[in-house]
Amino acid sequence: MEDLVRGLEEFKQRYVSKHHALFEELAHGQKPRVLFITCADSRVSPNLLTQTDLGELFVIRNAGNIIPPFGAANGGEGATLEYAISALGIEQVIICGHSHCGAMKGLLKLNKLQEGMPLVYDWLKHAESTRRMVVDNYPEAKGEELVEILVAENVLIQIDNLKTYPVVRSRLQQGKLQIYAWVYHIETGEVLAYDAETHTYLPPQSLLSDSLPTRPQTEHPRYSRTHAPPVACEIPAGRLQQGESSAHPAQQPVPYRFGVPS
Ligand SMILES: [Zn+2]
């Protein structure tokens, strides 16, 4: 606690005193450009990893960066989301998972949690779709790889949940909302962003260029750890449209589009 109190003093003397104009401006209101949804994990710092300043990110944090579907929970997530979009006019949402996520590991031992941490158990049930989808579609995955897949797929499933909110549906329909899926890697400090065209997590810089990167060639139809970026997540068979072959899901995936109503 002493460290924190010392930090408060240092913040006031070193930071606030050098940024008077910013604090003056922020005192009159906030105009954040991005809603950043991430895990409560102490190793994730939205402003630090995006090198953004005070007032730039509106943040929702909880265990597992989970957004319960509309009507499923009476928590703060829905209200905060609604405020961010309706009142603040935010047009860009990022859901950012991270490597070694304790909440995703918890999904793998839900029954044990029920007795010792009943509130965590109740909360993680909002990510049951993630657990079920990964367990059913990646039966060969184990250990660290399984957690990695849970993290990557959970971000996409939470985006599905986001789309159940009326204000999100409405803004997507108007073309006034873009949603991005990110995964932060604690060991390297690297963030990879989900690319809907290639169904892969890529360095986000590559998504800013005009030419989209080509799909990586891999023998595995779904998820691979073999490429330099440690996460490469492709749409599993479960996301194929009815009637399509599930034998080669990588060749006939359902386009997963952000910013466009599905
Ligand atoms: Zn986490």
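Two strands are taken to pair if DSSP finds at least two bridges between them. Strands (E, at least two residues) and helices (H or I, at least four residues) are DSSP runs, numbered from the N terminus. The model described here is predicted: local features need pLDDT of at least 70, side-chain atom pairs count only at pLDDT 80 or more, and totals for chains, interfaces and linings use all residues. Residue numbers start from 1 along each chain as its sequence is written.

**Strand pairing**
- Ile-37 has Ile-95 of β3 as its bridge partner.
- Strand β3 (residues 92-98) pairs with β1 in the parallel sense, over 5 bridges.
- Strand β2 (residues 57-62) is also parallel to β1, with 6 bridges, and Leu-57 in β2 stands opposite Val-34.
- Strand β1 (residues 34-39) is largely enclosed by the rest of the structure, because 6 of its 6 residues are buried (20 or more other C-beta atoms within 10 Å of the residue's own; exposed means 12 or fewer, partly exposed in between; C-beta atoms are placed from the backbone).

- Beyond its neighbours within four places in sequence, Ile-94 is in contact (C-beta atoms, placed from the backbone, within 7 Å) with Val-34, Phe-36, Ile-37, Tyr-180 and Trp-182.

**Overall architecture**
- The protein contains 11 helices and 8 strands.
- Of its 262 residues, 31% are buried.
- Among contacts with a separation of 6 or more, 61% join residues 24 or more positions apart.

Terms used: Two residues are in contact if their C-beta atoms, placed from the backbone, lie within 7 Å.
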